[in-house]
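Q: I would like to learn how to read the features of a structural model. Please take them one at a time, with the general idea before the case.

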Amino acid sequence: MREVREAFSRFWPLTRGDRRWLVAIVGCVVVAALAETASILLFAELTDNALEAGSLAAFWGPAGAWLAVAALGASVGYLGNSLATWTAERFVLRLRAKVFRHVQDLPPHFFQQHRQGDLVERLTGDVEAIEQMVVSGVVGTASAAFSAVFYSAAALWLRWDLALATFVLAPLFLLAARRFAGRIKEAATDERVADGAITSVVEESLGNVVLTQAYNRRGDEEKRLDREARAWMRASVRGARLSEMYEQFVEVVETFCVLAVIGLGVWEISADRMTLGQLLAFAAFIGYLYPPVRNLGQLGLTLTAATAGAHRLNEILDAEPAVTDPADPVRAWPVRGWVSVHGAGFRYPGAARDSLTDVSLTASPGELVVVTGPSGAGKSTLAKLLLRFYDPSAGVLCLDGVPLTDVPLHFLRENIALLPQETLILHGTVRENIVCGRPGAGDEEIEAAAVAAAAHDFVAALPHGYDTLIAPGTAALSGGQLKRIAIARAMLRAAPVLILDEPTAGLDSMAARRVVQPLRRLMSGRTTIMITHDLSLAPDADRILVVDGGRLVESGTHQELLAREGIYARLAGPYDQEALPAANPAGLLSV
Ligand code: ATP
């Protein structure tokens, strides 16, 4: 119960703005329950005065009143239920948006530690489970509580002694619910976890379908899915069995209670202390009373099951973003593009050793600085620090001499454009994919960016030109073409600082050759930090930094470093094919 309280107090604030609707719904619930109570009393009156007496005259009055009460109950019930669904869905909308907003601010390692499918499940299934607790839970509790109060009051009013005798049995329902709650929560947790695992396996398998087909891994993938699906099936069947057991148990208790009432009633009628109408109404109240009492017990079970979802959402909401906006940010200024790193060190959360140690560099406006080094040296980590995905554990990084931690995040990322290693494509048209570099840019600007990125010709040749739909993993365009679209996007962004992470990775030498000119145009006039294994553009660089084991081990121009015959000379050596996997450097140099 403590868990339910905690989860409730955490998510209840999200109902702000809709609480008056909740009050209105509870109002509808009260009126509907009152209407139901009145209709049973009218039924008693009809039985005693019209049915038993065989009097048609005594029929019309109560019948008309009953019809009016039923119509009122139906209208209010409809209104209340529609309002409840609307409010519940608004809650889901808000909660999902809140979790999604939070997830988007989380650092890259969070996504490496959580499977994507599981996160998807948390944002869909678990969000709905919380709604069951907060909105439907409140409405359901109010509805069950008011109905129970009205029916009991009516039963007491009819025959208080008989009513008390039957109320004694009511706690049986709550006891039964308590006994079942723990086991149902366990099953619900297993089910939610298995749900996440199934979504993950399906997503991973579909994303990896080429590997599956090429390496005949169909059987393995099927087994993986089967394992998770069976876990889900077991949990789901266990949960359903427990609920059903509870339902059936309650059903038997209820029958026992109704029979007890009828037995007592028959005795009372035979002693002339009760009319048939009263007995029927009394039995009806007791029959009507048990479902809400049972619902209260069932609600307890639903709430406990929902805490399983709450726990999984809290795991996300409690994950802290690695960086936050400065409390006292510097005001925006026209950025010139001075980038400096002073003694930066960094260790990933939970990692055993530092990924960067005491790295310093400077890049003046318009300069090209190439950062190279063996795989795992810490190059991409440096890019993550420059974009402030993380703050360094030691040292400081500055833009135009201002520490990045004092620059508003939005402004920082507006002024530092990233061309990531993996070409990121949005689901949308080519135009949308380019314009997201600078939302609001006009068609002419988009086209100019595409021309500069050597993308205009092939885009114009597409069936719908700039309006052709593309998506991640699209087959309509080659890797090199997609890269050029990404270059057009970065071009449009017109940020004074550019970070290129392995701009030619994954491209064959012909495709790589085609992106070199666009890249040169993109870099011109901008401070560029290029992280790369492919040293074809290194001779253009104002400075080359060689990182190894997280430390800066060499720096200088291409010629200086070649002359030094150190790591760089080895990396750039024409025969060291392993160090130069991306392209034939000699070929590219001649472009
Ligand atoms: P590559 O050229 O292969 O892309 P890199 O030089 O860019 O390599 P980084 O990706 O910066 O290397 O990684 C530097 C070190 O940090 C590596 O030892 C890597 O294992 C480690 N590392 C990277 N990401 C994480 C993470 N999320 N958690 C822990 N360690 C990490």
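**Reading the model**

A: Helices here are DSSP runs of H or I with at least four residues, strands are runs of E with at least two, and both are numbered from the N terminus. This is a predicted model, in which local features need pLDDT of at least 70, side-chain atom pairs count only at pLDDT 80 or more, and totals for chains, interfaces and linings use all residues. Residues are numbered from 1 along each chain as its sequence is written, and side-chain values use heavy atoms, with hydrogens and water left out.

Q: Is Ala-88 buried or exposed?

A: The general idea is a cut-off on relative accessible area: buried means under 20%, exposed means over 50%, and partly exposed lies in between (1.4 Å probe, protein chains only). Ala-88 has a relative accessible area of 7%, so this residue is buried.

Q: How far apart are Ala-88 and Asp-220 in sequence and in space?

A: The two are separated by 132 residues in sequence, and their C-alpha atoms are 41 Å apart.

Q: Which residues come nearest to the ligand?

A: A residue is near a molecule if one of its heavy atoms lies within 4 Å of it. There are 15 residues around the ligand, and Gln-112, Ser-355, Ser-375, Ser-380 and Thr-381 come nearest.

Q: What is the make-up of that shell by class?

A: The classes put Ala, Val, Leu, Ile, Met, Phe, Trp, Tyr, Cys and Pro as nonpolar, Asp, Glu, Lys and Arg as charged, and the others, Gly among them, as polar. In the shell around the ligand, 9 residues are polar, 4 nonpolar and 2 charged. Two helices, α4 (108–113) and α11 (379–386), each supply at least two residues of this shell. Of the elements, α11 gives the most, with 3 residues.

Q: How many salt bridges does the structure hold?

A: Side chains of opposite charge can pair when their charged atoms come close. The criterion for a salt bridge is a side-chain nitrogen of Lys or Arg within 4 Å of a carboxyl oxygen of Asp or Glu. The structure holds 29 of them. One of these joins Glu-204 and Arg-224, with the closest N and O atoms 3.3 Å apart. Glu-204 lies in helix α7 (residues 171–207) and Arg-224 in helix α9 (residues 218–270), so this pair ties together parts that are 20 residues apart in sequence. Glu-204 is partly exposed at 30% relative accessibility, and Arg-224 is partly exposed at 24%.

Q: Where do Arg-218 and Glu-222 lie?

A: Both are in helix α9, 4 residues apart, about one turn of the helix. Arg-218 counts as exposed at 59% relative accessibility, whereas Glu-222 counts as partly exposed at 48%.

Q: What does the salt bridge between Asp-540 and Arg-520 tie together?

A: The closest N and O atoms of this pair are 2.6 Å apart. Asp-540 lies in the loop between β10 (527–531) and β11 (543–548) and Arg-520 in helix α17 (residues 509–523), so the pair ties together parts that are 20 residues apart in sequence.

Q: Which residues have a positive phi without being glycine?

A: Among them is Arg-388, with phi near 55°. Arg-388 lies in the loop between α11 and β4 (394–399) and is buried, with a relative accessible area of 3%. Asp-400 has a positive phi of about 50° and is found in the loop between β4 and β5 (402–403).
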